[in-house]
Amino acid sequence: MKSAVETLNPTRVKLTVEVPFDELKPSMDAAYKNIASQVTVPGFRKGKVPPRIIDQRFGRGVVIEEAVNNALPGFYTQAVQETEIRPLGQPEVDVTSVPDPAEGGDLAFTAEVDVRPEFELPELDAVEVTVEDVKIGDEQVDERLDTLRERFGSLVTVERPAAEGDFLSIDISAKIGDEEIDSVKGVSYRVGSGEMLAGMDDVLPGLSAGETTTFDSPLAGGERAGEEAHVTVTVQSVKERELPEADDEFAQMASEFDTLEELRASLSEQAEQEAKYQQGIQARERLLEKLLEGVEIPVPDGIIAAEVKQHLEQEGKEEGDPHGEEVEVEARKAFKAQLLLDAIAEKEEVQVGQQELIEYLLASAQQYRMDPNEFIKAVDSAGQVPSMVAEVGRRKALAQVLERATVKDESGNAIDLSALFPASPEAEEAGEAEVVEAESTEETESKKASSSDPAALPTL
């Protein structure tokens with residue numbers, strides 16, 4: 001087999017492949033066998049029809065067509081390996097020549113495909129990153145104390161119009177035209193939570209028990225998700241959360257401390273630790289931004305267009321919707337980050353331990369609120385394990401660069417990130433566990449990065 005590659009642009013190539021008839025013969029034999037098992041010819045048992053009879057009854061062209069269709073994926077894969085290109089997504093294949101049924105001949109085809117572009121990596125050593133100062137005062141402590149008080153609060157019915165933060169018991173129904181799509185009675189809803197329909201938090205404040213209002217909103221789920229519906233809401237009751245007094249008695253009830261002063265001191269320590277943890281997250285985000293600023297990375301337009309189209313379809317929006325422009329900007333930024341981190345992982349020879357992969361899958365299952373076993377099965381059946389391995393590799397690559405970076409706060413104080421994210425025994429053991437090679441960037445499913453994950457990265 002002969003293969004040649006032509007660069008169409010920095011992110012797309014064209015493969016030209018020629019396959020001699022002799023290399024196609026195994027596929028021809030398989031095609032004869034498959035056709036023989038499907039046809040009925042008088043005088044021959046099913047599956048035992050000779051090739052010459054198949055040629056006479058159905059024509060050799062049918063056999064060649066099936067052989068070519070079945071063999072193309074293998075020949076394409078072989079050509080990719082021989083030319084050492086790195087495909088991103090599926091190719092557009094055009095068969096330019098097939099063997100003549102009577103005289104034979106070569107199979108020839110071309111395949112255009114998006115590929116991982118070549119680019120120069122930015123400087124990875126001694127990169128300087130600045131993060132925000134840790135500022136903990138009474139306001140931050142009060143917020144944590146109020147959150148704790150809410151956990152011990154009680155709901156009390158009030159005879160007044162609803163306000164933000166109140167808990168309402170509501171009846172709600174949605175119609176599209178004259179058809180009622182859904183309805184529910186007595187559901188609890190906290191005003192301002194934004195957990196139901198868009199626009200609901202705009203119409204509920206000011207309503208009292210027994211009052212009804214209507215508004216239009218796109219449906220959030222179901223078979224008609226995204227379609228505009230006419231929504232009717234009736235308030236049954238209004239309740240507010242009554243908080244316990246912040247005093248020593250509350251401190252003893254809600255914690256292991258005897259006084260409110262001791263509880264506030266503990267909450268202050270927690271707030272400071274959380275703020276430092278956020279510094280670590282910010283350091284990684286700003287490091288990635290700085291690395292991206294220092295390199296030009298061409299992005300395949302086809303992959304971005306497909307991502308925008310899929311995103312709009314999921315939201316029930318038409319192609320060309322103005323929101324698509326925003327999606328395209330974010331998709332390009334995310335894909336550039338993937339390409340950059342894949343290249344860094346390759347340069348740093350990053351390897352992913354089996355335990356690291358498992359921990360990432362478990363964290364992802366929790367993020368999507370799925371049973372871990374069911375999530376892992378779904379990932380495996382969808383063929384997404386290599387993508388997960390690649391994602392862990394990207395996170396490790398960024399972490400390795402961050403270890404060598406200089407991180408300071410806005411006041412000029414050095415930040416020791418190793419004190420914030422110490423290596424766990426599991427992570428240390430993972431280095432000795434079975435290793436899975438981090439693969440190059442592939443087309444990946446849309447997914448969200450957890451804001452609580454210090455290694456969270458923007459991804460497609």
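Good morning, colleagues. Please bear in mind throughout that the structure is a predicted model.

Four strands form an open sheet in the order 1-2-4-3, and their pairing is antiparallel. Its edges are strand 1, residues 2–9, and strand 3, each of which pairs on one side only. From one strand to the next, the twist averages 20 degrees. As a general point, strands of a sheet pair through backbone hydrogen bonds, in either a parallel or an antiparallel arrangement.

Within this sheet, I would draw attention to strand 2, residues 12–19, which pairs with strand 4 in the antiparallel sense over eight bridges. Which residue of strand 4 stands opposite Lys 14? That residue is Glu 112.

I turn next to the surface. A nonpolar patch is formed there by Val 93, Val 95 and Val 98, and together they have about 220 Å² of accessible area. Where does Val 98 lie? Val 98 is found in the loop between strand 3, residues 92–97, and strand 4, residues 107–114. The relative accessibility of Val 98 is 47%, and Val 98 therefore counts as partly exposed, given that this class runs between 20% and 50%.

How many aromatic pairs does the structure hold? There are two. One of them joins Phe 152 and Phe 250 in an edge-to-face arrangement, with 5.9 Å from centre to centre and 90 degrees between the planes. Phe 152 belongs to the loop between helix 4, residues 138–151, and strand 6, residues 154–157, while Phe 250 belongs to helix 6, residues 248–254; the pair therefore ties together parts that lie 98 residues apart in sequence.

To summarise, I have described an open antiparallel sheet of four strands, a surface patch of three valines, Val 93, Val 95 and Val 98, and two aromatic pairs. Thank you for your attention.

Notes: Residues are numbered from 1 along each chain as its sequence is written. This is a predicted model: local features need pLDDT of at least 70, side-chain atom pairs count only at pLDDT 80 or more; totals for chains, interfaces and linings use all residues. Side-chain values use heavy atoms; hydrogens and water are left out. Patches are made of residues with over 30% relative accessible area and no salt bridge: like charges are joined within 9 Å, nonpolar side chains (Val, Leu, Ile, Met, Phe, Trp, Tyr) within 5 Å. Accessible areas come from the Shrake-Rupley method with a 1.4 Å probe; for residues, only the protein chains shown count as cover. A salt bridge is a side-chain nitrogen of Lys or Arg within 4 Å of a carboxyl oxygen of Asp or Glu. Helices (H or I, at least four residues) and strands (E, at least two) are DSSP runs, numbered from the N terminus. Buried means under 20% relative accessible area, exposed over 50%, partly exposed in between (1.4 Å probe, protein chains only). Rings of Phe, Tyr and Trp (its six-membered ring) pair if their centres lie within 6.5 Å; planes under 30 degrees apart count as stacked, over 60 as edge-to-face and the rest as tilted. Two strands pair if DSSP finds at least two bridges between them. Axes are lines fitted to C-alpha atoms, for helices over the stretch in contact, and angles run from 0 to 180 degrees between N-to-C directions.
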